[in-house]
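Please look over the fold shown here before reading on. The notes below go from the whole chain to single residues.

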Amino acid sequence: QANRTGSSWIERFCTITIECAPPLAGISDLGRGVKCYLLHLSHMADTTGEFMSQGLRTGQQGRAPSAERRLWLLLILCFLSEFLPSEPFLLDFLVSKGLTRTQVSDQVFNLWLYFRLPALLLMGVVAEWAGAARALLLGAICGTMTVALTLLCSSLFLLQVTQLTVALSTAAHVGPFYALLFELSARTGSTYQVHVHWAKATLLLSNFLAGVVGSVLRRGFSLPYAWMWSIGLCSQLAALTVAISLVWSEASRQSHSPSTRTSVERPSARQMWSDVARSLRLRAVVEWTSWSVVMHTGHVMVTTYWQSLLRAKTGTAQDSNGFASAAGFLMAGGALLVSTRATVLSEPRSRPWVMILSLLCGGLLVTSMGLFAEVWAIYVAFVIFQVVFRLSSATCAQQVGAEVRRSGLATQQQLPPLLQHAQELQQQLSSTASPDDAVVGADALIVVGGLPSRARVALVFSIQEVLSAAVQSTLQFGFGHWRTEDGKLAPLAARFEALGIFLLAGGSALALYTTVRSVVGSRAAMRLGRDRDSHCRALA
């Protein structure tokens, strides 16, 4: 009843706010987006509370949990796993344990770079073999271990182990997370775009609140580091509980739907990687992967070094960095909520424009950060760059996931007649060939047409992130060895200018590719039209 009362108050408050807001389209759309989001949160609190209180009973009188409830559990898991108020103070906390800053940087933090790539591939394979929900559970376990070891241990070896667990936890929120998100979104009957935007907005909201809570507790109340890490541990334990509920609900759904049991059969390694290769060859996936390699590299470099850039330009520490970061999270989250139903972002024909404009705008903003001398100008460029990246990355995730699932479903719709032909082929080959040859022939029929037999969303997203990480490491290695004529490392301003040129070059290359492809396609269409006309005249 309290939840229902809260829902009515949220609805009343948002309605009044929208009616009293200035007549600006952006504010009005943002208010409607926030209202829709908050109303769904209140509904989530009601349905999820009932769902959890039932203990996911699977008796004869029970029923399988709905996809919408599991989707909200997934969003709660995303929020809780990212809510770490102690994260900005990690370096100071490790130094307080007796480690030197050199040890933390060179013997602890750098291990994450080595663990990241294999962790991404491992979690993608786990999601395809054991299910995305179980991969998320493994990620939640690793996240809880990371915070617990950091809080309770002072050993250098155990702190190094946390870099492996945090790499696995982070990897679980790439491929497995999106695989489960798209699967549940398809069952709700809503569009992928709405749920992808909500998921990314939830992530930004969690980061924003974690930063605000951490700053207030540390600077306002002088809370010890151990207490702040205890709060993070409680959040991770809550995320682990939600992850267990997701796995439990999946088992409940399968027990109530015998027809879904065949979907959890483990694929052969050959078939799985064959499906991934076919998915990666899809034109939309190729184009978005190329964009992701460039744009994600720029985003990682900017978020890593922008505070150091400010300090290098001014010579002093900036106390407003936290507000700029929070503003970036808030504005990007608001932009995602406003654009949840902007169909232009989900249309395939808008893909080239989104990719090209985001890279060109991002390149200009990053270059401006390197050229500007005023602090406020760098802040503005950073915030706008965050908004551009979050919107374009949400479009990338939505279109890639939709394309991979569409190709997999197209093949599955052809499976009944193909399986019938496969059985006939097996009967024909059984008398003249070995059983292994018959199985190979059946598999060849299933993957006919070059389409994947299943949608391997988890591995596609994981491999996409692996490629981006490889380019990031290469670029960072180059920046680390880029020296001026006097033998010193290149200044950060020059690195940002070079990074902006890198983004501009990527956008220009995509623009050239799109133009050439459009011209070639137009000429091919004209030639086909002339051939058809000449054929019709010959028949006449």
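What follows is a short report on a predicted model.

## Whole chain

The chain has 20 helices and zero strands. Of its 540 residues, 44% are buried. Accessible surface comes to about 26,600 Å². Carbon and sulfur atoms hold 64% of that surface.

## Confidence

Mean pLDDT for the chain is 79. A value of 70 or more is reached by 76% of the residues. Helix α7 (residues 132–152) has the highest confidence, at 96. Helix α18 (residues 435–446) has the lowest, at a mean of 38. Residues 259–264 have a pLDDT below 50, and this stretch has seven contacts in the model beyond near neighbours in sequence. Residues 432–449 also have a pLDDT under 50. For residues 432–449 the model has 23 contacts beyond four places in sequence.

## A helix pair

Two packed helices are described by the angle between their axes and the distance between the axes. At what angle do α12 and α19 pack? Helix α12 (residues 269–280) meets helix α19 (residues 457–480) at about 65 degrees. Their axes are 10 Å apart. The crossing is right-handed. From α12, the contact uses Met 272, Trp 273, Val 276, Ser 279 and Leu 280. From α19 come Leu 459, Val 460 and Ile 463. By class, the contact has seven nonpolar residues, one polar residue and no charged residues.

## Selected residues

| Residue | Location | Relative accessible area |
|---|---|---|
| Leu 136 | helix α7 | 2% |
| Arg 351 | helix α15 (residues 351–371) | 7% |
| Cys 153 | loop between α7 and α8 (156–172) | 15% |
| Leu 91 | helix α4 (residues 90–96) | 30% |
| Ser 222 | loop between α10 (192–220) and α11 (225–256) | 55% |

Take Leu 136 to begin with. Is Leu 136 buried or exposed? Leu 136 counts as buried because its relative accessible area of 2% is under the 20% cut-off. Beyond four places in sequence, Leu 136 is in contact with Leu 74, Leu 77, Ala 172, Pro 176, Phe 177, Leu 180 and Ala 243. Its C-alpha atom is separated from that of Cys 78 by 10.0 Å. Along the chain, Leu 136 and Cys 78 are 58 residues apart.

Cys 153 lies in the loop between α7 and α8. Cys 153 is buried too, at 15%. Which residues does Cys 153 touch, not counting those up to four places away in sequence? They are Lys 97, Ala 148, Leu 158 and Leu 159. The C-alpha atoms of Cys 153 and Leu 94 are separated by 10.0 Å. These two residues are 59 residues apart along the chain.

Arg 351 is found in helix α15. Arg 351 is buried, at 7%. Leaving aside neighbours within four places, Arg 351 is in contact with Arg 283, Ala 284, Glu 287, Trp 288 and Gln 399.

Leu 91 sits in helix α4. The C-alpha atoms of Leu 91 and Phe 109 are separated by 9.5 Å. Along the chain, Leu 91 and Phe 109 are 18 residues apart.

## A backbone exception

Most residues other than glycine have a negative phi. Phi of Ser 222, in contrast, is positive, near 50 degrees. Ser 222 is found in the loop between α10 and α11. Ser 222 counts as exposed because its 55% relative accessibility is over the 50% cut-off.

Terms used: Residues numbered from 1 in each chain as written. Predicted model: local features only at pLDDT ≥ 70, side-chain atom pairs only at ≥ 80, totals over all residues. Heavy atoms only, no water. Helix = DSSP H or I, 4+ residues; strand = E, 2+ residues; numbered from the N terminus. Buried < 20%, exposed > 50% of the residue type's maximum accessible area, 1.4 Å probe, protein only. Contact = heavy atoms within 4.5 Å. Axes fitted to C-alpha atoms, helices over the stretch in contact; angles between N-to-C directions. Left-handed = near helix turned anticlockwise from the far one by under 90°. Nonpolar A, V, L, I, M, F, W, Y, C, P; charged D, E, K, R; others polar. Areas by Shrake-Rupley, 256 points an atom, 1.4 Å probe, with all protein chains shown as cover. pLDDT = per-residue confidence, 0-100.
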